[in-house]
Amino acid sequence: MMNLVLDTAASGALAKWYAANSAVRRLWAISEAQRMRVVVTLGPTHDGDDFYPAWLANGNEWAHELQLLLDGPVRLEVTDEPFLAELAAGADGVLVAELFWRDSTRAD
């Protein structure tokens with residue numbers, strides 16, 4: 001079962017990274033036993049609804065940036081529009097960040 005932790009060095013670093021990467025619409029970070037799991041949703045491209053071009057162009061670089069920023073292994077994932085409950089299902093970790101101020105489609 002996941003717990004929520006709001007005030008950590010990792011959550012502050014993730015908030016700065018999120019603010020600097022405008023293609024990332026939502027971000028969840030879950031601290032697991034051996035790594036940080038970071039799940040993002042991306043905004044669609046300007047000419048369509050597809051977010052995969054941004055993921056293909058940036059995913060590896062973002063994963064590398066996050067590993068350096070968090071000083072440890074990171075598993076970066078992209079998904080369409082998950083809910084926190086879906087992310088938490090079967091997860092054994094601590095939620096260290098949930099960032100979505102850029103996402104006007106969600107009211108939570």
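Colleague: What relative accessible area does Arg37 have?
Modeller: Arg37 counts as buried, a class that means under 20% relative accessible area, with exposed over 50% and partly exposed in between (1.4 Å probe, protein chains only). This is a predicted model, in which local features need pLDDT of at least 70, side-chain atom pairs count only at pLDDT 80 or more, and totals for chains, interfaces and linings use all residues. Residues are numbered from 1 along each chain as its sequence is written, and side-chain values use heavy atoms, with hydrogens and water left out. For Arg37 the relative accessible area is 14%.

Colleague: Which residue meets Arg37 in a salt bridge?
Modeller: A salt bridge is a side-chain nitrogen of Lys or Arg within 4 Å of a carboxyl oxygen of Asp or Glu, and the one made by Arg37 spans 2.7 Å, N to O. The pair links distant parts of the chain, Arg37 in strand E3 and a partner 40 residues apart in strand E4, where strands (E, at least two residues) and helices (H or I, at least four) are DSSP runs numbered from the N terminus. The partner is Glu77.

Colleague: Which strand pairs with E3 in the parallel sense?
Modeller: Two strands pair if DSSP finds at least two bridges between them. E2 meets E3 in the antiparallel sense over 7 bridges, and a hairpin of 4 residues joins E2 to E3. The parallel pairing of E3 runs over 5 bridges, and its partner is E4.

Colleague: How many residues apart in sequence are Glu98 and Arg26?
Modeller: The side chains of Glu98 and Arg26 meet in a salt bridge of 3.6 Å, N to O. Because Glu98 lies in strand E5 and Arg26 in strand E2, the pair ties together parts whose separation is 72 residues.
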